[in-house]
Every structure is written in structure tokens, then in C-alpha cells.
Amino acid sequence: QIPNAHFMTEARYNGAKIITIAPDYSASAVHADQWVPVKVATDAALGLSMAHVMIEEGIYNRKFVQEQTDLPL
């Protein structure tokens, strides 16, 4: 999304590492620090597994998740 590209640039300027998770080496991946290629239609499984690890290890802001998401915690 070209209109939102400045957010990525500002985040990088402030020290963030940009990671693109996509099956193809896209325009976003060109500007990322790391590209994680996934098989088509497996991105949801990757996202769920990442959420599972975060919950199991307690590395999330519980109050934020309860207020701002619909995760059934």
C-alpha cells in the first residue's frame, strides 16, 4: 500500500526491523530487512502458531489484548 509506505520508512528510521512474510518477493519485500517466504495459503497457520507461542510464553500485553482484540483469552 503506497499511501502507507511512509509508516514503514519512519519505523525503520526509529530503529525497527522490517520483516515481510509473503510467498512472493514483492515490492514490500524489496524494502524489508528480512523476507520470510511461506507457501501459499499457509500464512494463517504461521500467524496462529506465532500467537500460540506468544501466549504460552506470556510475551504479550494481556490488558491490551483483552481491550483491543477478540482473542478468546
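Mentor: What follows takes a few labels in turn and sets each value against its definition.
Mentor: Residues are numbered from 1 along each chain as its sequence is written, and this is a predicted model, in which local features need pLDDT of at least 70 and side-chain atom pairs count only at pLDDT 80 or more. Totals for chains, interfaces and linings use all residues, while side-chain values use heavy atoms, with hydrogens and water left out.

Trainee: Why is T20 called buried?
Mentor: Buried means under 20% relative accessible area, exposed means over 50%, and partly exposed lies in between, judged with a 1.4 Å probe on protein chains only. T20 has 10% relative accessibility, so it counts as buried. You can find T20 in strand 1, where a strand is a DSSP run of E of at least two residues and a helix is a run of H or I of at least four, both numbered from the N terminus.

Trainee: Which residues does T20 contact, beyond its neighbours within four places in sequence?
Mentor: They are S26, S28, A29, A32, Q34, W35 and V36. Contact here means heavy atoms within 4.5 Å.

Trainee: What makes the approach of T20 to S28 a polar contact?
Mentor: The side chain of T20 reaches the backbone oxygen of S28 at 3.4 Å. A polar contact is a pair of N or O atoms within 3.5 Å; within protein, one must be able to donate a hydrogen and the other to accept it, and residues adjacent in sequence count only if both atoms are side-chain atoms. The 3.4 Å between T20 and S28 is within that 3.5 Å limit.

Trainee: How many aromatic pairs does the structure hold?
Mentor: There is one aromatic pair. Y25 sits in the loop between strand 1 (19-21) and helix 2, W35 sits in strand 2 (residues 34-36), and the two are 10 residues apart, so the pair links distant parts of the chain.

Trainee: Are Y25 and W35 buried or exposed, or something in between?
Mentor: Y25 has a relative accessible area of 52%, so it is exposed. W35 is at 31% and therefore counts as partly exposed.

Trainee: Which residues line the largest pocket?
Mentor: The lining is made of Q1, I2, N4, A5, M8, T9, A27, S28 and H31. Three of these residues, the largest share, come from helix 1.

Trainee: How do the lining residues of the largest pocket divide by type?
Mentor: Four are nonpolar, five polar and none charged. Ala, Val, Leu, Ile, Met, Phe, Trp, Tyr, Cys and Pro count as nonpolar, Asp, Glu, Lys and Arg as charged, and the others, Gly among them, as polar.

Trainee: Why is A27 called exposed?
Mentor: A27 has a relative accessible area of 61%, so it is exposed. Its place is in helix 2.

Notes
On a 1 Å grid over the protein atoms alone, a cavity is a set of points where a 1.4 Å probe fits but cannot get out, and a pocket is an open set with protein on both sides within 12 Å along at least five of seven lines; lining residues have an atom within 4 Å of a point. Rings of Phe, Tyr and Trp (its six-membered ring) pair if their centres lie within 6.5 Å; planes under 30 degrees apart count as stacked, over 60 as edge-to-face and the rest as tilted.
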